[in-house]
Amino acid sequence: MEKQIGFIGAGNIAKTIINGLTANFQEINKNIYITNRSKGKGESLRNKFQVNLCHTNIELVKNCDIIFLCVKPDVSKLVLREIKDHVRDDQLIISVIAGVTIDDIMKYFEQPKKVIRTMPNIPVVVREGMIALSGSNEVSDDDLNLAIDLLSSIGRVDVIEEKMMDVVTGISGCSPAFLSIFVEALADGAVLQGMPRDKAYQYIAQTLVGTGKMILEEEIHPAEIKDTVSSPGGITIAGVYALEKRGFRSTVMEVMEACDEKLKALRR
Ligand SMILES: NC(=O)c1ccc[n+]([C@@H]2O[C@H](COP(=O)([O-])OP(=O)(O)OC[C@H]3O[C@@H](n4cnc5c(N)ncnc54)[C@H](OP(=O)(O)O)[C@@H]3O)[C@@H](O)[C@H]2O)c1
């Protein structure tokens, strides 16, 4: 890796990405630069991964080819105002800031810049995240491929139209919470029938992983999995009927609708 990679904000998501990069690319730590508001946190990340700690965001921008924006949305305005006069046209900005659009970032600069907006979800902590990515018009295929290469260290990357980012928020950002509630509910059912809770979680979580792999790796349609498991007059179809009678699918669709409504309300 020839490129110098900067992270403005050395918090949870920066740590997760750096963890993936250092596991995936040999000696990449020498090319990584970080900054953070509080000194202690920056120093602790520097010591953990042996990366370079910059004193200011401007120093970082001057040193790097790729700049990850990893601050909270409310801080992003401050950071963009601080760095705007120092970002060159050849540099690539990769923002992980939820809800901040490419246009929101672009308006800080007099000339259009290469900006990639990305949305990773929580399983990136085990390098099994789903990462959506959209680029500004200035982003070339090489830039996109570079970003995909880097972010593949923490999961599966998909390039989408930016207008789909709102859907991604619900389906990918929020869904680990919904899936976890389903896991808990299944476990409660197992506990009710006498299975120890930790064993129930083990069975359900492995089933979740395995079912996901069948869909992703074997490209088996979810309906086919359901149909295969549901033998005529059998146990699974009795469970499917109980779910459908209580409006499981429409409830889940309404959950997605609630996420979208909340997102739009927050934006207003
Ligand atoms: N965590 C995730 O899984 C995840 C997933 C998708 C998207 N994101 C997005 O990633 C962004 C960061 O989230 P996070 O969970 O990593 O938050 P976080 O742990 O709070 O990290 C943000 C970091 O930014 C630092 N910071 C604040 N002001 C700064 C400044 N002016 N210059 C440089 N650094 C500054 C903070 O330092 P101090 O603590 O010292 O103030 C903090 O370490 C958010 O916009 C979020 O939407 C996160």
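A polar backbone atom of I13 lies 2.9 Å from an oxygen atom of the ligand, a polar contact in the sense of N or O atoms within 3.5 Å; within protein, one atom must be able to donate a hydrogen and the other to accept it, and residues adjacent in sequence count only if both atoms are side-chain atoms. This is a predicted model, in which local features need pLDDT of at least 70 and side-chain atom pairs count only at pLDDT 80 or more, while totals for chains, interfaces and linings use all residues. Residues are numbered from 1 along each chain as its sequence is written, and side-chain values use heavy atoms, with hydrogens and water left out.

**Ligand site**

- The ligand is surrounded by 22 residues, the closest being N36, R37, S38, K41 and V71; a residue is near if one of its heavy atoms lies within 4 Å.
- An N or O atom in the side chain of R37 is 2.7 Å from a ligand oxygen atom.
- For A98, a backbone N or O atom is 3.1 Å from an oxygen atom of the ligand.
- On its own the ligand has 890 Å² of accessible area (Shrake-Rupley method, 1.4 Å probe), and the protein covers 82% of that 890 Å².

**Two domains**

- The chain is assigned domain 1 (5-160) and domain 2 (168-267), with bounds from an automatic or database domain assignment.
- Their C-alpha centres are 33 Å apart.
- Contact (heavy atoms within 4.5 Å) involves eight residues of domain 1 and six residues of domain 2.

**Domain interface**

- About 590 Å² is buried between domain 1 and domain 2, with 65% from carbon and sulfur atoms; buried area is the accessible area (1.4 Å probe) lost by two parts on being put together, summed over both.
- M119, N121 and R156 lose the most area in domain 1, together 58% of what that side buries.
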